[in-house]
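The sequence and the model are shown first, and the comments follow.

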Amino acid sequence: MTHSGGSRGLKTHHSQQKIYIGLKEIYRMKIPQVSVFVSNRPGRLQAVCRSLADAGVNLLSLTLADSGEFGLIRLIVNDAEKAVDVLAKAGLSATITDVVACPVNASIGGLADLLSTAVGTQQIDYMYAYPSTVNGSNIMILRFADTDKAIEALQATHFKAISKEELLG
């Protein structure tokens, strides 16, 4: 009886440990992205880039979208928290959101292959290409409505999310 109870406790411990390892792995796959809201006028992009450079923040990827009077700059940087602080001191509004970096085959149909998996059934809010490759594959940055669920779906495929450490060093 004691052995059976101990065994059940051990299984529970292993289950909890497995869940912890799973959550830790999901956390590692989340890439912090900085979003900066700017007025759409000449010099604003330069101000963002100069502020980050002067503070020693390395700008690794940038995408820019405008919506008339305002623009949204999305950045992958080596230190997201520092970037937000620097931009706030420069009078700019910035936030951090989690995105996922995924290598996609650089041949015809590479992205279609990724989206043909369970990952493609997730709500993708936006995506853009990262200006680097890994082993001949393009890197796509994806923002999902439910990042944890999307990473779990990705882990069930032959595709692999790139960890924070792999992408940012």
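**Note on the predicted model**

1. The model is a predicted one. The side chain of Asp54 forms a salt bridge with Arg50, and the closest N and O atoms are 3.2 Å apart. Both Asp54 and Arg50 belong to helix 2 (residues 44–54), where they are separated by 4 residues, about one turn of the helix. Arg50 has a relative accessible area of 43% and is partly exposed.

2. **Overall make-up.** The chain holds 6 helices and 6 strands. Read from the N terminus, the order of these elements is α-β-α-β-β-α-β-α-β-β-α-α. Of the 169 residues in the chain, 37% are buried.

3. A search of the whole structure returns 4 salt bridges. One of them pairs the side chains of Arg28 and Glu165, at 3.4 Å from N to O. Arg28 is part of helix 1 (residues 2–29) and Glu165 is part of helix 6 (residues 164–168), so this pair ties together parts that lie 137 residues apart in sequence. Arg28 is partly exposed at 29% relative accessibility, and Glu165 is also partly exposed, with a relative accessible area of 43%.

4. Which residue does Asp148 meet in a salt bridge? The partner is Lys30, and the distance between the side chains is 2.7 Å, N to O. Asp148 sits in helix 5 (residues 147–155), while Lys30 sits in the loop between helix 1 and strand 1 (31–39); the pair therefore ties together parts 118 residues apart in sequence. Is Lys30 buried or exposed? At 17% relative accessibility, Lys30 counts as buried, because the class takes in values under 20%. Asp148 is partly exposed, at 31%.

5. **The largest pocket.** The largest pocket contains about 210 Å³ of space. It is lined by 13 residues, and those closest to its centre are Pro103, Val104, Ser137, Phe159 and Lys160. Strand 4 (93–105) and helix 4 (110–115) each provide at least two residues of the lining. Strand 4 contributes the most, with 3 residues. By residue class, the lining of this pocket consists of 5 nonpolar, 5 polar and 3 charged residues.

6. **A nonpolar surface patch.** Which residues form a nonpolar patch on the surface? They are Leu45, Leu59, Leu62 and Leu64, and together they have about 290 Å² of accessible area. Strand 2 (residues 59–67) supplies the largest share of the patch, 3 residues. Leu64 lies in strand 2 and is partly exposed, with a relative accessible area of 48%.

7. **Points to inspect in the model.** The salt bridges include Arg28 with Glu165, Asp148 with Lys30 and Asp54 with Arg50. The lining of the largest pocket can be followed from strand 4, which gives the most residues to it. The nonpolar patch can be followed from strand 2, the source of its largest share.

Notes
Residues are numbered from 1 along each chain as its sequence is written. This is a predicted model: local features need pLDDT of at least 70, side-chain atom pairs count only at pLDDT 80 or more; totals for chains, interfaces and linings use all residues. Side-chain values use heavy atoms; hydrogens and water are left out. On a 1 Å grid over the protein atoms alone, a cavity is a set of points where a 1.4 Å probe fits but cannot get out, and a pocket is an open set with protein on both sides within 12 Å along at least five of seven lines; lining residues have an atom within 4 Å of a point. Grid points are joined across faces, edges and corners, and a volume is the space filled by probe spheres set on the points. Ala, Val, Leu, Ile, Met, Phe, Trp, Tyr, Cys and Pro count as nonpolar, Asp, Glu, Lys and Arg as charged, and the others, Gly among them, as polar. Buried means under 20% relative accessible area, exposed over 50%, partly exposed in between (1.4 Å probe, protein chains only). Patches are made of residues with over 30% relative accessible area and no salt bridge: like charges are joined within 9 Å, nonpolar side chains (Val, Leu, Ile, Met, Phe, Trp, Tyr) within 5 Å. Accessible areas come from the Shrake-Rupley method with a 1.4 Å probe; for residues, only the protein chains shown count as cover.
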